[in-house]
Amino acid sequence: MSIIELRSIRKSFGTLEVIHDVSFAVEKGEVVCIIGPSGSGKSTLLRCINGLETYQGGEITVHGERVDTGSSRIRQVRTRVAMVFQRFNLFPHRTALENVAEGPIFVKKEPREEVLARSRELLTRVGLGAKIDAYPAQLSGGQQQRVAIARALGMKPDAILFDEPTSALDPELVGEVLAVMRSLADEGMTMVVVTHEMGFAREVADRVLFLDGGVLVEQGSPEAVLSRPQHPRTQDFLRRILPS
């Protein structure tokens, strides 16, 4: 069953079309990795799925409900598809626990004590049980990103969108975030991941999409796209970034 569907999506900034006729679906429990050069429209596409950007053509649906930034139900749609950003986007004046608990308490109106207990469990799950009272400035980048993942999980989403979740991290911190993401994939979380981490895409993805110039150039299994790409543009991109 498809959780997310994109049909002929077009997105422009002024006269510049950055997404051109992109269509794909994400099934329940599937991990889809989107790769491609900088500026190819990957992050913009994620923001369209979550209703953070409007799109000018086509249709995006979550469980059959149209993603429409002008809809009175867009907040409810967003609670079903959480997002983890490149730069963490934590509230600096709130502790790790408060960052995780805020959405369920204030957006979903869930009981405070119940949310706080679940938030503690989620922080422990991502290896931060000892940091629940720490503020973001007291945490490493990797720890902040793991708080952001716990925050996304706190909304009990049907899917999580990851926008280059390790690109702002020092190299030695990347592994701790990818380990949490691997565990989520193993548990069956539906995930759409924009990433430059080809090893992660190869190991964890069910499907890899190559986006270039706003066009979905090629898609398939990690083995097919990363080891036997058919399109010359995919071949050229991978030749440049993968060790020979």
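I began with Pro229: leaving aside its neighbours within four places in sequence, Pro229 is in contact with Glu218, Ala224, Thr234, Gln235 and Leu238 (contact means heavy atoms within 4.5 Å). The model is predicted, so I note that local features need pLDDT of at least 70 and side-chain atom pairs count only at pLDDT 80 or more, while totals for chains, interfaces and linings use all residues. Residues are numbered from 1 along each chain as its sequence is written, and side-chain values use heavy atoms, with hydrogens and water left out.

I then looked up where Pro229 sits, and found Pro229 in the loop between helix H8 (222-227) and helix H9 (232-241). Helices (H or I, at least four residues) and strands (E, at least two) are DSSP runs, numbered from the N terminus. Is Pro229 buried or exposed? Pro229 has 16% relative accessibility and therefore counts as buried (buried is under 20% relative accessible area, exposed over 50%, partly exposed in between, with a 1.4 Å probe and protein chains only). From Pro229 to Val67 I read 162 residues in sequence and 32 Å in space, C-alpha to C-alpha.

Next I turned to Leu216, which is in strand S10 (residues 215-220). Leu216 and Phe24 lie 192 residues apart in sequence and 9.1 Å apart in space, C-alpha to C-alpha. Neighbours within four places in sequence aside, the contacts of Leu216 are Val22, Ser23, Phe24, Leu209, Phe210 and Leu211.

I looked up the nonpolar cores (sets of buried Ala, Val, Leu, Ile, Met, Phe, Trp, Tyr and Cys residues joined through side-chain atoms within 4.5 Å). Which residues have the most contacts inside the largest one? They are Leu123, Ile149, Phe162, Met181 and Met191, in a core of 52 residues. Helix H6 (residues 171-186) gives the largest share of this core, eight residues. A second, separate core has 30 residues, among them Val67 and Leu209.

Last, I took the pair H4 (residues 112-125) and H5 (residues 141-154), which pack at an angle of about 140° with their axes 9 Å apart. Axes are lines fitted to C-alpha atoms, for helices over the stretch in contact, and angles run from 0 to 180 degrees between N-to-C directions. H4 and H5 are therefore oblique to each other (under 35 degrees is roughly parallel, over 145 roughly antiparallel, 65 to 115 roughly perpendicular, the rest oblique). Arg118, Leu122, Leu123 and Arg125 in H4 meet Val147, Ala150, Leu153 and Gly154 in H5.
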